[in-house]
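Visitor: Please give me a close look at the surroundings of the ligand. Then follow the parts that come up from there.

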Amino acid sequence: MDRARGGRAAPEAPRVVPARKKKKPVALETVVPRDGSRDDLKILPSDPEGLKLKVRSLGSITLEDQNRFVQKVNDHGAAVLVPEEEGDPLAVYKTLDRWFGNCIPHDAMNEHGIVEINPANPTSINTANPKKEHLPHTDDAYTDSPAAFCTLQCRTSAATGGESVLVSGAELLAALSNEELRTLMQPGMVSMGRRPAADGSWMKVRWRCNDGCVGDVAAEVKPSYEQMDAVARHEVHQLVVPLNPGELLIVDNRAIAHGRRPYESDDPRIMWRKNYVGNGELEAQLRTGMCAAFSSMFDGLHSMFDPMSLDTSKLKI
Ligand SMILES: O=C(O)CCC(=O)C(=O)O
Ligand SMILES: [Fe+2]
């Protein structure tokens, strides 16, 4: 109302609030197109070569390498550092600590914050059995605040398999409607076996195949949970990434699910895992999550999954 012009304000007419019509569910495959047409959406490439970034050595990462890395992770949600020369395998953690900030503590980590993945000394039921694939998952899914970035350095690669497997979170979402996702995200729908997540909201920052760590799945979300589970297990949605010793995979834990293919039990395989909060120097340059609307879409369970209410002012592009 413009009081500067003087005069009394006219009494406001009572506002008529229209009754909310029940909207038809929207298939999320239309909201998260996997054909590259939505440029803020992270999608894995169809060939693992598309994730590779050559560096001279893991201990000598330049500013130019760093900029190429930021671009890759913002496009695909993952990258593989491929050193041309062998060097001190610990030297890279100086760079990673600087980029991603604090590490996520783990019961089995060493003095460098590294957890060695080695079936000879297993850290979970999934790392104990090489013959069984480690199904795609979010790391730290049972905590309130899963890691923003997971790093896996290959130290010894298995000759009989054991490749890393990645699945775009967008592929999982595309299996659902916005209504199904909304229900799945309500507290208490899926509980984790190891430690229940405090807010219980599934898909907010975590996702896991039904791999033995997932506890109860409520009856009303069973079909949608199983649909996503089937997508993640299906080879057509998986990007298989073979890693050589010295190569290091970095994954946006909130955009991409990761796992491992099976291999023979007597075949040695060692990976170093270090996970991060994401509060390092690259925090402002890296977008975590599947797309720019990530946080707004989950706060209050609305936004991008409801295309008509997409609040573009919240997009960080
Ligand atoms: O063995 C691997 O490559 C992956 C291990 C993993 O994802 C984990 O321990 O969380
Ligand atoms: Fe993992």
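Guide: A residue is near a molecule or strand when its C-beta atom, placed from the backbone, lies within 6 Å of it. By that criterion the residues around ligand 1 are Ile117, Thr127, His134, Asp139, Leu152, Ser164, His258, Arg260, Met271 and Arg273. Two elements, β11 (256–260) and β12 (270–276), each give two or more residues to this shell; strands (E, at least two residues) and helices (H or I, at least four) are DSSP runs numbered from the N terminus.

This is a predicted model, in which local features need pLDDT of at least 70 and side-chain atom pairs count only at pLDDT 80 or more, while totals for chains, interfaces and linings use all residues. Residues are numbered from 1 along each chain as its sequence is written, and chains are lettered from A and ligands numbered from 1 in the order in which they are written.

By class, the shell around ligand 1 has three nonpolar, four polar and three charged residues (Ala, Val, Leu, Ile, Met, Phe, Trp, Tyr, Cys and Pro count as nonpolar, Asp, Glu, Lys and Arg as charged, the others, Gly among them, as polar).

His258, one of the shell residues, is also in contact with Leu166 (C-beta atoms, placed from the backbone, within 7 Å). Leaving aside neighbours within four places in sequence, the contacts of Leu166 also include Leu44, Ala78, Leu239, Val241, Val251 and Ile256. Leu166, Ala78 and Leu249 touch the most other members of the largest nonpolar core, which has 69 residues. Such a core is a set of buried Ala, Val, Leu, Ile, Met, Phe, Trp, Tyr and Cys residues joined through C-beta atoms within 7 Å; buried means 20 or more other C-beta atoms within 10 Å of the residue's own, exposed 12 or fewer, partly exposed in between, with C-beta atoms placed from the backbone. Helix α2 (residues 92–100) gives the most to this core, with five residues.

Helix α1 comes next. Its buried residues are Phe69, Lys72, Val73 and His76. They lie on the same side of α1, because they cover an arc of only 95° around the axis (the arc of the directions from the helix axis to the C-beta atoms). The face turned away from that side carries the exposed Leu63, Glu64 and Asn67. The cover over the buried residues of α1 includes β1 (52–55), β2 (78–83) and β10 (248–252). Just after α1, Gly77 takes a positive phi of about 80°.

Methods:
Contact = placed C-beta atoms within 7 Å.
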